[in-house]
Amino acid sequence: MFHLGWFVGNGYSVQSWGRDWAGTDNDDWWSPSLYADAARALERACFDFMVFQDGLMVPDVFGGSMEADLKFAQEIPRSDPTAMVAVLTQVTKNLGYIPTISTSFYPPFMAARMLATLDQLSGGHAGGNLVTSASDRAAQNFGLEGHHDHDLRYGMAEEWTDLVTQLWDSWEPGAVVMDTERHVFADHTKVHPIHFAGKHYSSRGPLNTPPGPQGRPVISQAGGSPAGREFGARFADVIFCVPNGIESMKAYRRDIHERMAAHGRAPEECKILFMVDPIIGETDQVARDIAAARAEKKTTDAYVEEHLSVMSYFSGIDFAQFDLDQPMPDLDGKVNAQQSTMARYQKDAAGKTLRELVIAHNMVATIDLVGSPDTVAAKMGEVIEEVGGDGFLLSGPLNRKNIAEITDGLVPALKRRGLTRSSYSGATLRENLREF
Ligand SMILES: Cc1cc2nc3c(=O)[nH]c(=O)nc-3n(C[C@H](O)[C@H](O)[C@H](O)COP(=O)(O)O)c2cc1C
């Protein structure tokens, strides 16, 4: 069996701006209703979790202006995903929730407390998607002149996570006795200051909230650079990645497992999920027609402009300055934002003009999955069989049509084949992740 997670790639935002099947989302995007519907459907389909993307700025790299990003609702709006997750924890019992948290900008004490609180609220189904954030604008919102260098960010993230983990451990198991007869809430001999004094962060501790059922909430990570993989291999319970094709997927897994072994961790301690965006139709032909219509939409000037603004955000480099009918310039060594994301573009750019690259590039898919539920389920099974595990992160649009196609179309076909679970056996998100 393999695991399924759902990536809310726009974070807590307007999900369908300029897209089909918006429903009421363009009018009431801040409402929990779409997320709650999604959460119930994902739980019915026995997904492990829902992860929320996040960012901490309004981008203005493309054309040196906020215009494109505000117009296309690209990286904005971004409301706080931890608040939405708090609401959703009351809608489901078994689904996990993983909001994104920036190690660069959230004070560790605050993050440790917030995630422990979400773990309590969710009965042990919370996690944090730890990112280092990529943009100077985010850094400036927190009082810096610009962001730290890429690898320093990951070095700081390691120390940050050490500190946060110590805060979660600052209450020993059994510290909360809640003995009304003796009038003792917690045993003071089992709650300890941590006196953490690092190079970048310090905190006295202890945490002022007891840990939730998981003790340490689940940690996910998606850094694809060597520094990012190293961070994930050391701390993560689940890693998200976008290697292209079977051989790259195998190599990614091997690399993470080797790095984990160097930290004394066994492969089963961290699940590696591959991003996919399945296109499902009643028949293979219907699905192929939908895929063709989607590809056609990518050739419009509006799509190209929107995608260039995304590339500008990913790279921190203004793509409005480049000729669309020339090859993409070599950016090697020039990216301080999402290095591995831009390395994927660079690899894909060979033999194409910038316009052709924008139209052809698939940001989220490791493998193409287009077909009827049975066709796609069979292919997912074959891929995991060949690659060796551990599952997929579904990253298609968050609208009710797509959710139904996946949870009520694809997943029953996966369950029929015994490829994904039909019930939850664990009491917590981590137990569910470790089940197979
Ligand atoms: C599935 C997935 C989710 C991500 N979510 C976020 C996010 O919410 N916020 C963010 O700043 N970066 C996010 N990223 C970017 C990663 O944190 C990372 O910067 C990127 O994968 C490039 O890796 P590198 O920085 O190690 O080169 C995400 C990446 C992936 C693949």
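Me: Leaving aside neighbours within four places in sequence, which residues is S309 in contact with?

Reply: Contact here means heavy atoms within 4.5 Å. By that cut-off, S309 touches F62, A68, D69 and Q74. Before we go on, note that this is a predicted model, where local features need pLDDT of at least 70, side-chain atom pairs count only at pLDDT 80 or more, and totals for chains, interfaces and linings use all residues. Residues are numbered from 1 along each chain as its sequence is written, and side-chain values use heavy atoms, with hydrogens and water left out.

Me: Where is S309 found, and is S309 buried or exposed?

Reply: Helices (H or I, at least four residues) and strands (E, at least two) are DSSP runs, numbered from the N terminus. S309 sits in helix α11, residues 301-315. For burial, look at relative accessible area: under 20% is buried, over 50% is exposed, and in between is partly exposed (1.4 Å probe, protein chains only). S309 has 1%, so it is buried.

Me: What about cysteines: how many disulfides does the count come to?

Reply: A disulfide is a pair of cysteine sulfur atoms within 2.5 Å. The count here is zero. Take C270: the closest cysteine sulfur, in C241, is 9.5 Å from its own, too far for a bond. C270 is also buried, with a relative accessible area of 0%. C46 is buried too, at 6%.

Me: Now zoom out: how many helices and strands does the chain have, and why is it called as compact as a globular protein of its length?

Reply: There are 16 helices and 14 strands. The radius of gyration is taken over C-alpha atoms, and the globule rule is 2.2 Å times the number of residues to the power 0.38. The chain's radius is 22 Å, close to the 22 Å that the rule gives for 436 residues, so it is as compact as a globular protein of that length.

Me: What percentage of the residues count as buried?

Reply: Of the 436 residues, 54% do. Also, residues 24 or more positions apart account for 74% of the contacts with a separation of 6 or more.
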